[in-house]
Amino acid sequence: QVQLVESGGGLVQPGGSLRLSCAASGSSFSSSAMGWYRQAPGKQRELVAGLTSGGRTTYADSVKGRFTISRDNAKNTVFLQMSSLKPEDTAVYYCNARWAGSWSSISGYWGQGTQVTVSS
């Protein structure tokens, strides 16, 4: 069983930055692929950024160049650094840990989500 706890969400002005963190329990963190997804009201959950255990990254086109995913295996934590935030980035952001399945599949373990609101 894996538990994921996100933190770092909040209200930020357009153009601002936030750093999300996801702390994971369990001893198999380093072998997992970790992802950040988001879901805005009335929209489907979508992949924002993914990072495999081997270090390969995947980003949604809408966040390329603005968001960076990283991990600290010693601390069982994955991060999402978000910069140049836009109102359309407003959503609940979810952390995901998986050991199989493509990023387009809803699999693995999920955190409870953290709200990010970009507004002036």
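What follows is a chat about a predicted model, touching on its disulfide, a sheet, aromatic pairs and a few single residues.

Visitor: Hi! I'm new here. How many disulfides does the structure hold?

Guide: Welcome! This is a predicted model, and it holds one disulfide.

Visitor: Remind me, what is a disulfide?

Guide: It is a covalent bond between the sulfur atoms of two cysteines.

Visitor: Okay, which cysteine is joined to which?

Guide: Cysteine 22 is joined to cysteine 95, with 2.1 Å from S to S. Cysteine 22 belongs to strand S3, residues 18-24, and cysteine 95 to strand S9, so the link ties together parts that are 73 residues apart in sequence.

Visitor: And is cysteine 22 buried or exposed?

Guide: Buried, because its relative accessibility is 0%. Cysteine 95 also has 0% relative accessibility and counts as buried.

Visitor: What about the handedness of that link?

Guide: The link is left-handed, with -85 degrees about the S-S bond.

Visitor: You mentioned S3. Which strands are in the open sheet, and in what order?

Guide: Four strands make up that open sheet, in the order S1-S3-S8-S7, and their pairing is antiparallel. Strand S1 (4-7) and S7 are the edge strands, each pairing on one side only. From one strand to the next, the twist averages 15 degrees.

Visitor: How many bridges are there between S1 and S3?

Guide: Four bridges, in the antiparallel sense. To find a spot along S3, look for alanine 24, which has leucine 4 opposite.

Visitor: Switching topic: how many aromatic pairs are there?

Guide: The count comes to two. Tyrosine 37 and tryptophan 110 have ring centres 4.9 Å apart and planes at 65 degrees; over 60 counts as edge-to-face, so that is what this pair is.

Visitor: Where do those two sit in the chain?

Guide: Tyrosine 37 is in strand S4 (residues 33-39) and tryptophan 110 is in strand S10 (residues 109-110). The pair links distant parts of the chain, 73 residues apart.

Visitor: Is tyrosine 37 buried or exposed?

Guide: Tyrosine 37 is buried, as its relative accessibility is 2%. Tryptophan 110 counts as partly exposed, at 24%.

Visitor: And what forms an aromatic pair with tryptophan 99?

Guide: Tyrosine 109 does, in an edge-to-face pair with 6.1 Å from centre to centre and 85 degrees between the planes. Tryptophan 99 is in the loop between strand S9 (91-98) and S10, while tyrosine 109 is in strand S10, 10 residues apart. Tryptophan 99 is partly exposed at 38% relative accessibility, and tyrosine 109 is partly exposed at 29%.

Visitor: Which arginine lies over the face of tryptophan 110?

Guide: Arginine 45, at 4.7 Å from the ring centre. There is also arginine 19, which lies over the face of phenylalanine 79 at 3.9 Å from the ring centre.

Visitor: Tell me more about arginine 45. Where does it lie?

Guide: You'll find arginine 45 in the loop between S4 and strand S5 (46-51). Arginine 45 has a relative accessible area of 30%, so it is partly exposed.

Visitor: What is arginine 45 in contact with, if we leave aside neighbours within four places in sequence?

Guide: Tyr37, Arg38, Gln39, Tyr94 and Trp110. Serine 104 is 59 residues from arginine 45 in sequence, and their C-alpha atoms are 9.9 Å apart in space.

Visitor: New topic, backbone angles. What is phi of asparagine 76?

Guide: Phi of asparagine 76 is near 50 degrees, a positive value in a residue other than glycine. This residue lies in the loop between strand S7 (67-72) and strand S8 (77-82).

Visitor: Why does asparagine 76 count as buried?

Guide: Its relative accessible area is 18%, and buried means under 20%, so asparagine 76 falls on the buried side of the cut-off. Not counting residues up to four places away in sequence, asparagine 76 touches Cys22, Ala23, Ala24, Ser25, Gly26 and Phe29. Cys22 brings us back to the disulfide with cysteine 95.

Visitor: Nice loop back! And what about phi of serine 84?

Guide: Phi of serine 84 is also near 50 degrees, again positive in a residue other than glycine. Serine 84 is in the loop between S8 and S9, and is partly exposed with a relative accessible area of 41%.

How values were computed:
Residues numbered from 1 in each chain as written. Predicted model: local features only at pLDDT ≥ 70, side-chain atom pairs only at ≥ 80, totals over all residues. Heavy atoms only, no water. Phe/Tyr/Trp six-rings, centres within 6.5 Å; stacked < 30°, edge-to-face > 60°. Buried < 20%, exposed > 50% of the residue type's maximum accessible area, 1.4 Å probe, protein only. Lys NZ or Arg CZ within 6 Å of the ring centre and 35° of its normal. Contact = heavy atoms within 4.5 Å. Disulfide = S-S within 2.5 Å. Pairing = 2+ DSSP bridges. Axes fitted to C-alpha atoms, helices over the stretch in contact; angles between N-to-C directions.
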